[in-house]
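Please keep the sequence and the structure in view while reading.

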Amino acid sequence: MNRRKLLKSLGLSIGAAVISTEALAKLADNKYAYSIPPNPAHKPLSKAVTAITIGAGSRGTVYGNYAAKFPDQLDIIGVAEPNAFRNEKYATQHNIAAENRFKTWEDVFSRPKFADAVIISTPDNLHYAPCMKALAMGYDILLEKPIAPTEKECRDILKLAKKNNRIVAVCHVLRYAPYFVKMRELIQQGAIGDIVSVQHFEPIEHLHMAHSYVRGNWHNSKETTPIILAKSCHDLDILRWVVGKPSQRIAAMGDLKLFRRENAPAGSTARCTDGCKVERECPYSAIKHYYEGRKRTAVLDLPADKAKHPEVIMEKLKTTNYGRCVYRMENDQPDHYVASIQFADSVTASFSMEAFTSYHGRRTRVMGTMGDMVGDMTELVVNDFRTRKELKLVPKAEDVDGYKNSGHGGGDWLLVRDFVQAVGQQNPKLLTSTIDESIEAHLMGFMAEESRKKGKIMDISMSV
């Protein structure tokens with residue numbers, strides 16, 4: 001029996017669609033686990049793709065860890081990182097020669113081209129310059145989102161990438177998560193008829209919000225990028241990708257409600273370690289989160305010797321932003337944000353980003369003329385109006401260390417896998433998140449922020 005007949009015999013035909021995913025396992029009646037099979041266009045490489053990582057923080061480490069596990073595919077031969085601790089740790093992990101260790105991105109490009117690609121995982125405001133220089137020197141690029149802080153800079157990168165015929169893969173990792181891959185596949189196959197509307201929800205989780213967008217590197221939109229890009233350009237991109245039609249207009253609202261100086265409780269202090277009288281009852285206590293709970297401590301650059309962790313963590317809470325009161329930071333990122341989007345063919349979408357949740361993991365509802373879908377990245381439930389059947393699909397993928405259950409759905413390494421193949425074969429068509437495909441989500445983000453500030457509906461145009 002061929003696979004199509006087998007799947008139909010299992011009752012997996014939904015409307016006009018047939019679930020073609022391999023590694024299918026029945027979990028219960030009408031409930032199946034699946035994974036995304038290897039791309040048949042992938043080929044064994046004659047040698048590993050060589051790369052230089054610019055920015056050895058959390059994202060650079062995630063992509064670098066792929067090389068550590070699959071050295072026959074990706075070989076990290078250089079690193080640029082001004083933080084001495086991270087530079088040393090990264091260089092040791094990847095056995096990087098001393099002459100290929102740099103403090104700044106400028107140092108990398110003072111040398112003639114010495115690798116196939118660069119991985120740019122610097123802070124948001126340091127994406128544009130190294131990317132433009134890398135393109136000028138002929139490197140292919142794995143570029144952490146957002147592409148750049150301004151629309152002009154995004155368009156500059158797109159223009160130069162096309163001119164120099166270079167590959168720029170934007171790290172829109174949700175495009176590689178099996179959950180969204182299957183959602184898009186079913187929509188394209190007509191499983192729910194014609195798509196009409198989408199509701200998409202991103203719960204940041206209150207402690208993640210405090211860590212990254214109040215105390216953390218992205219707390220100030222003027223120094224980095226607005227939160228709609230820093231956090232949610234993933235979501236704008238996945239809406240565009242799933243809908244499969246151009247965006248036309250966007251209207252957005254949102255504000256910073258809680259994390260303001262005027263909301264600081266009586267008895268609170270500049271730091272949680274300064275004898276704050278409400279620290280024990282505060283949900284955002286840095287002592288409870290980092291020192292006692294040992295949560296999100298990677299940013300504190302802890303030594304390998306765990307016996308030293310308590311002392312180092314407490315010192316960092318006394319000297320860095322991670323120990324400061326969340327009501328007394330220089331933050332301006334909205335803690336709640338909503339957007340309404342009009343796509344071509346009368347398709348509409350609503351997006352909501354919320355800080356004040358006890359959970360994370362994106363939630364999506366898709367409404368079609370012949371059925372609907374609802375899911376939370378752990379399960380996708382498809383209902384067919386014609387047959388009145390329901391199918392539950394459970395995606396399986398490896399969620400990498402540091403990002404387990406963080407909402408990326410296993411897309412991180414699947415992206416790197418495709419990037420390596422694209423560079424090795426010099427075929428950007430092996431990627432779904434080339435800059436050509438990804439830039440529209442950024443334009444949606446820029447227009448959303450302008451809409452939020454001006455209080456008006458903004459048109460979205462890909463033309464310059």
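Is Arg166 buried, partly exposed or exposed? With a relative accessible area of 23%, Arg166 is partly exposed, where buried means under 20% relative accessible area, exposed over 50%, and partly exposed in between (1.4 Å probe, protein chains only).

The model is predicted: local features need pLDDT of at least 70 and side-chain atom pairs count only at pLDDT 80 or more, while totals for chains, interfaces and linings use all residues. Residues are numbered from 1 along each chain as its sequence is written, and side-chain values use heavy atoms, with hydrogens and water left out.

Arg166 and Asp140 meet through their side chains in a salt bridge (3.0 Å, N to O), a term for a side-chain nitrogen of Lys or Arg within 4 Å of a carboxyl oxygen of Asp or Glu. Arg166 lies in the loop between α6 and β10 and Asp140 in strand β9 (residues 140-143), so the pair ties together parts that are 26 residues apart in sequence. Helices (H or I, at least four residues) and strands (E, at least two) are DSSP runs, numbered from the N terminus. Asp140 is buried, at a relative accessible area of 1%.

The structure holds 28 salt bridges. In another of them, Arg86 pairs with Asp301, the closest N and O atoms being 2.8 Å apart. Since Arg86 belongs to helix α3 (residues 84-94) and Asp301 to the loop between α11 (286-292) and α12 (309-319), the pair ties together parts that are 215 residues apart in sequence. Arg86 counts as partly exposed at 23% relative accessibility, whereas Asp301, at 14%, counts as buried. Glu202, Lys231, Asp235 and Arg362 are linked in a network of salt bridges.

At the level of domains, an automatic or database domain assignment supplies the bounds. The protein is divided into domain 1 (49-173), domain 2 (178-260 + 331-400 + 435-459) and domain 3 (262-319). The C-alpha centres of domain 1 and domain 2 lie 27 Å apart. Their contact (heavy atoms within 4.5 Å) takes 22 residues from domain 1 and 21 residues from domain 2. Between them these domains bury about 1,800 Å², 65% of it on carbon and sulfur atoms; buried area is the accessible area (1.4 Å probe) that two parts lose on being put together, summed over both. Asp124, Lys145 and His172 lose the most area on the side of domain 1, together 31% of what that side buries.

Across this interface of domain 1 and domain 2 the rule finds 1 salt bridge. Lys162 and Asp436 form a salt bridge with their closest N and O atoms 2.6 Å apart. This pair links distant parts of the chain, with Lys162 in helix α6 and Asp436 in helix α14, 274 residues apart. Lys162 is exposed, with a relative accessible area of 52%, and Asp436 is partly exposed at 37%.
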